Amino acid sequence: MSRLKLGVLGSGAGSNMQSIVDAIDRGELDAEIRIVLADVPDAKILERAKRHGIPCAYLDCAPFRTKLEGPAEDRCIELLKGAGVDTVVLAGFMRIVKPKLLAAFPDRVVNIHPALLPAFPGVHSWTQALDYGCKVAGVTVHFVDAGTDSGPIIVQKCVPVEENDTPESLHARIQVQEHLAYPEALRIIAKGDFRIEGRRVRIG
Ligand code: GRF
């Protein structure tokens, strides 16, 4: 059991980071957020970090648009290591992370995806679930591997799809569960009470 030293990467609102901050503040998660990095200069996640006194920075990921590679990847690893991070939390980070970052934090990069994987990887997965006619949707927190939204699953939570759902209303219902699922997954990691066996994360 050890206090997690988290580095959070995001691109947007940062509500998942907020749920982690709140869980820490409530004493429900033995962790501290050492640094927050965003690939969008005015991302709200940076504002939130500042408000909580968490060191944060904009990470310029040019020339790449959808992945974290090259000089930005090196800089990211340097910043995370420099901050003493042991666990990397992707919280709405809209880029694919590459093997170099994964190798720098083996089995310690986690992601949240707003779908019940392996269904609907990629973007706008709640719209995909709605269009497909699913009766349940949900969220997955998983370790990151070299694929997209494909690593071993730590926590999943379901929500019903209602008859009158729009993409927005379904996403909002999923987000409520996201904010429970991420702290729960990090609690499992903090307790060290798990092992990864192939695709399976054995807990307890
Ligand atoms: C969440 O829906 C997350 O599952 C997805 O991107 C969104 C990020 O939201 N990967 P936030 O920035 O944490 O509010």
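**Ligand site and backbone**

A: A polar side-chain atom of His171 sits 3.0 Å from an oxygen atom of the ligand. That is a polar contact, a pair of N or O atoms within 3.5 Å. The model is predicted: local features need pLDDT of at least 70, side-chain atom pairs count only at pLDDT 80 or more, and totals for chains, interfaces and linings use all residues. Residues are numbered from 1 along each chain as its sequence is written, and side-chain values use heavy atoms, with hydrogens and water left out.

Q: How far is a ligand oxygen from the side chain of Glu178? And from that of Asn16?
A: For Glu178, a side-chain N or O atom is 2.8 Å from a ligand oxygen. For Asn16, the distance is 2.9 Å.

Q: How much of the ligand does the protein cover?
A: The protein covers 87% of the 370 Å² of accessible area that the ligand has on its own. Areas are from the Shrake-Rupley method with a 1.4 Å probe.

Q: Which residues are around the ligand?
A: Gly12, Ala13, Gly14, Ser15, Asn16, Gly92, Ile112, Pro114, His171, Gln175 and Glu178. Being near takes a heavy atom within 4 Å.

Q: How do the shell residues divide by type?
A: Three are nonpolar, seven polar and one charged. Gly counts as polar here.

Q: Which helix gives the most to the shell?
A: H6, with three residues. Helices H1 (15–25) and H6 (167–191) each supply at least two. Helices are DSSP runs of H or I with at least four residues, and strands are E runs of at least two.

Q: Which domains does the shell draw on?
A: Domain 1 (1–106) and domain 2 (111–204) each give at least three residues. The bounds come from an automatic or database domain assignment.

Q: Switching to backbone. Which way is the bond from Ala62 to Pro63, cis or trans?
A: It is cis, with omega near 5°. Pro63 is in the loop between strands E3 (56–58) and E4 (67–68).

Q: And Leu117 to Pro118, cis or trans?
A: Cis, with omega near 10°. Pro118 is in the loop between strand E7 (109–113) and helix H5 (125–132).

Methods. A polar contact is a pair of N or O atoms within 3.5 Å; within protein, one must be able to donate a hydrogen and the other to accept it, and residues adjacent in sequence count only if both atoms are side-chain atoms.
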